[in-house]
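I opened this notebook page to keep track of what I looked up, one topic at a time. The entries below follow the order in which I checked them.

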Amino acid sequence: MGLLRIMMPPKLQLLAVVAFAVAMLFLENQIQKLEESRAKLERAIARHEVREIEQRHTMDGPRQDVAVDEEEDIVIIYNRVPKTASTSFTNIAYDLCAKNRYHVLHINTTKNNPVMSLQDQVRFVKNITTWNEMKPGFYHGHISYLDFAKFGVKKKPIYINVIRDPIERLVSYYYFLRFGDDYRPGLRRRKQGDKKTFDECVAEGGSDCAPEKLWLQIPFFCGHSSECWNVGSRWAMDQAKYNLVNEYFLVGVTEELEDFIMLLEAALPRFFRGATDLYRTVGKKSHLRKTTEKKLPTKQTIAKLQQSDIWKMENEFYEFALEQFQFIRAHAVREKDGDLYILAQNFFYEKIYPKSN
């Protein structure tokens with residue numbers, strides 16, 4: 001090949017290089033079109049399946065009025081924050097759904113927009129609360145918190161979530177957009193071809209690594225109010241903290257994912273029975289989604305980001321969530337020989353009156 005290149009005239013060499021580049025662009029464009037077609041086909045199949053269920057529902061009569069057993073009338077919403085090990089955790093739910101007899105539904109919004117229109121909010125709330133065929137149900141997707149009480153719902157769903165150190169999450173997302181991960185290695189990513197490291201991006205003041213990109217976990221917990229998405233809003237952070245404590249059943253952290261799964265299994269065995277053993281034996285190897293080509297940032301890069309008020313707020317929220325999680329864990333488990341064990345029931349009833357004869 002090298003000899004052939006030497007013998008070729010310069011003009012032919014240039015034409016060969018141009019032709020090769022054009023061919024590569026053409027192939028990349030075709031691959032992108034195939035991926036878009038595949039995504040459209042998946043959405044069409046999903047819509048078809050929903051219509052089939054609705055048709056069966058209509059043919060069988062108004063089954064929505066039929067009472068659902070209290071144990072079955074449970075809906076969990078995991079409004080997953082991107083790049084927080086959400087795929088790894090969701091795959092646990094998929095693996096257990098047949099055995100534990102519940103449904104898993106992926107909420108796929110157009111262009112991954114986490115904010116729903118008002119009309120979609122109404123549809124979503126109605127779907128979740130009245131779609132009895134899908135109960136018990138585990139819904140997951142990249143959507144911000146939605147307050148079901150605003151829509152007059154009597155029984156609200158159970159919210160859970162996982163968050164991550166804000167800089168680590170941003171670094172992971174930065175490289176994910178460029179190199180993808182080992183979960184779907186052949187998929188072309190939006191920033192593919194950009195070889196710039198995260199350190200170089202921060203040093204040059206690039207937009208993809210700007211402090212504003214850290215603002216994500218707070219708005220996901222804050223919700224659908226406009227102020228939630230106002231970067232650097234103190235009100236948004238306070239609302240996110242309020243929702244985390246009052247509206248979420250449990251919020252874990254990526255760095256302690258196994259403990260999060262163990263607590264869920266203890267508290268919600270209807271869904272998560274067997275989750276801890278599954279994660280320990282299989283999940284850590286097969287489920288853990290790893291971003292390709294990720295390079296850890298230098299101390300200088302981290303220090304520069306930490307000067308931002310946005311990082312300080314996102315980090316404050318992360319530390320707040322971590323403290324809440326560790327508090328719950330401390331009251332739910334005991335440690336023995338370096339391992340954690342779920343505590344047995346520690347309350348009972350006495351002095352029950354009136355006494356039965």
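Sheet, first look. I began with His103, which stands opposite Gly137 in β3; I note here that the model is predicted. I then looked up how β2 and β3 are joined, and found that they run parallel, with four bridges between them.

Helix α4. I checked the length of α4 (residues 118-130) and noted that, at 1.5 Å a residue, its 13 residues should span 18 Å, which agrees with the 18 Å between its end C-alpha atoms. I listed its buried residues as Gln121, Phe124, Val125 and Ile128. Because these cover an arc of only 95° around the axis, they sit on the same side of α4. In general, residues three or four places apart point the same way, because an α-helix has 3.6 residues a turn. I also looked up what covers the buried residues of α4, and this includes β1 (75-78) and β3 (137-140).

Core. I found that the largest nonpolar core has 80 residues, and that Phe89, Phe138, Phe221, Phe260 and Phe272 have the most contacts inside it. Helix α13 (residues 309-330) supplies the largest share of this core, eight residues.

Conventions
Residues numbered from 1 in each chain as written. Predicted model: local features only at pLDDT ≥ 70, side-chain atom pairs only at ≥ 80, totals over all residues. Heavy atoms only, no water. Helix = DSSP H or I, 4+ residues; strand = E, 2+ residues; numbered from the N terminus. Expected span 1.5 Å × (residues − 1). Buried < 20%, exposed > 50% of the residue type's maximum accessible area, 1.4 Å probe, protein only. Arc of directions from axis to C-beta. Contact = heavy atoms within 4.5 Å. Core = buried A, V, L, I, M, F, W, Y, C linked by side-chain atoms within 4.5 Å. Pairing = 2+ DSSP bridges.
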